[in-house]
Amino acid sequence: EVLEHLSASDLVIIPSLWEGRSIFMLEAAAFGLPFILSDCPGLREPFNEKELLKDETMRVCRFGYLVKTNDITAYQQAIQHFIDYPELHDEMKKSVTAMSISNDISAVISRYYQVFTSSFALNH
């Protein structure tokens, strides 16, 4: 039922305290949905987003929003910003879709293969 819920969504919020490569995030990205992501390295990495500065609680990003982990007010501000600025939604969706395509299994396999073959060539 997860994919059914995603297909009916406008925005995805991932409030993780820590995260590796999130399969759920990749599934949501396949729908081109903007994100509100907690400031975890594993969630920032696919978008090459830098961590929040010490004085930042929320940042508007090309994919949606990066928020300070455990800061409910930051999540509320991001949601309100999303509601108030619908003109940003299409660009956010384009960014998320681009990340999804670059993390497609065929693209990832190709990158693994390049690393393997270049490493193999160096050792022989």
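This is a predicted model: local features need pLDDT of at least 70, side-chain atom pairs count only at pLDDT 80 or more; totals for chains, interfaces and linings use all residues.
**Entry 1: the whole chain**

I started with the secondary structure and counted 6 helices and 4 strands. Read along the sequence, they follow the pattern α-β-α-β-α-β-β-α-α-α. I then looked up the extent of the C-alpha trace, which spans about 55 × 35 × 25 Å along its principal axes. The protein has 124 residues, and buried ones make up 38% of them. For the surface I noted an accessible area of about 8000 Å², with 59% of it belonging to carbon and sulfur atoms. I also checked how far the contacts reach: among those between residues at least 6 apart in sequence, 48% join residues at least 24 apart.

**Entry 2: helix 5**

Next I picked helix 5, which runs over residues 89-102 and has 14 residues. From its first C-alpha to its last it reaches 20 Å, close to the 20 Å expected at 1.5 Å a residue.

Which residues of helix 5 are buried? I found His-89, Met-92, Ser-95, Val-96, Met-99 and Ser-100. They cover an arc of only 140° around the axis, which puts them on the same side of helix 5.

I then asked what covers the buried residues of helix 5. The cover includes helix 2 (23-30) and helix 4 (72-84), along with strand 2 (35-38), strand 3 (58-61) and strand 4 (64-67).

**Entry 3: Ser-95**

I took a separate look at Ser-95, a residue of helix 5. Its relative accessibility is 14%, and because the cut-off for buried is under 20%, Ser-95 counts as buried. Not counting residues up to four places away in sequence, Ser-95 touches Phe-47, Arg-62 and Phe-63.

**Entry 4: the aromatic residues**

I found 2 aromatic pairs in the structure. In one of them, the rings of Phe-47 and Phe-63 have their centres 4.3 Å apart and their planes at 25°, so this pair is stacked. Phe-47 sits in the loop between helix 3 (41-44) and strand 3, and Phe-63 in the loop between strand 3 and strand 4, so the pair ties together parts that are 16 residues apart in sequence. Phe-47 and Phe-63 are both buried. Together with Phe-35, they form one aromatic cluster.

I listed the contacts of Phe-63 as well, leaving aside its neighbours within four places in sequence. They are Pro-34, Phe-35, Leu-37, Phe-47, Glu-49, Met-92, Ser-95 and Val-96.

**Entry 5: the nonpolar cores**

Last, I looked up the nonpolar cores. The largest has 18 residues, and those with the most contacts inside it are Val-12, Ile-14, Met-25, Phe-35, Leu-37, Phe-47 and Phe-63. Strand 1 (12-14), helix 2, strand 2 and helix 5 are the elements that give two or more residues to this core. Helix 2 gives the most, with 3 residues. Apart from this core lies another, of 9 residues, among them Leu-11, Ile-36, Val-67 and Ala-78. I jotted a general reminder beside this: in soluble globular proteins, nonpolar side chains tend to be buried together.

Terms used
Residues are numbered from 1 along each chain as its sequence is written. Side-chain values use heavy atoms; hydrogens and water are left out. The expected span of a helix is 1.5 Å times one less than its number of residues. Buried means under 20% relative accessible area, exposed over 50%, partly exposed in between (1.4 Å probe, protein chains only). The arc is that of the directions from the helix axis to the C-beta atoms. Contact means heavy atoms within 4.5 Å. Rings of Phe, Tyr and Trp (its six-membered ring) pair if their centres lie within 6.5 Å; planes under 30 degrees apart count as stacked, over 60 as edge-to-face and the rest as tilted. A nonpolar core is a set of buried Ala, Val, Leu, Ile, Met, Phe, Trp, Tyr and Cys residues joined through side-chain atoms within 4.5 Å. Accessible areas come from the Shrake-Rupley method with a 1.4 Å probe; for residues, only the protein chains shown count as cover.
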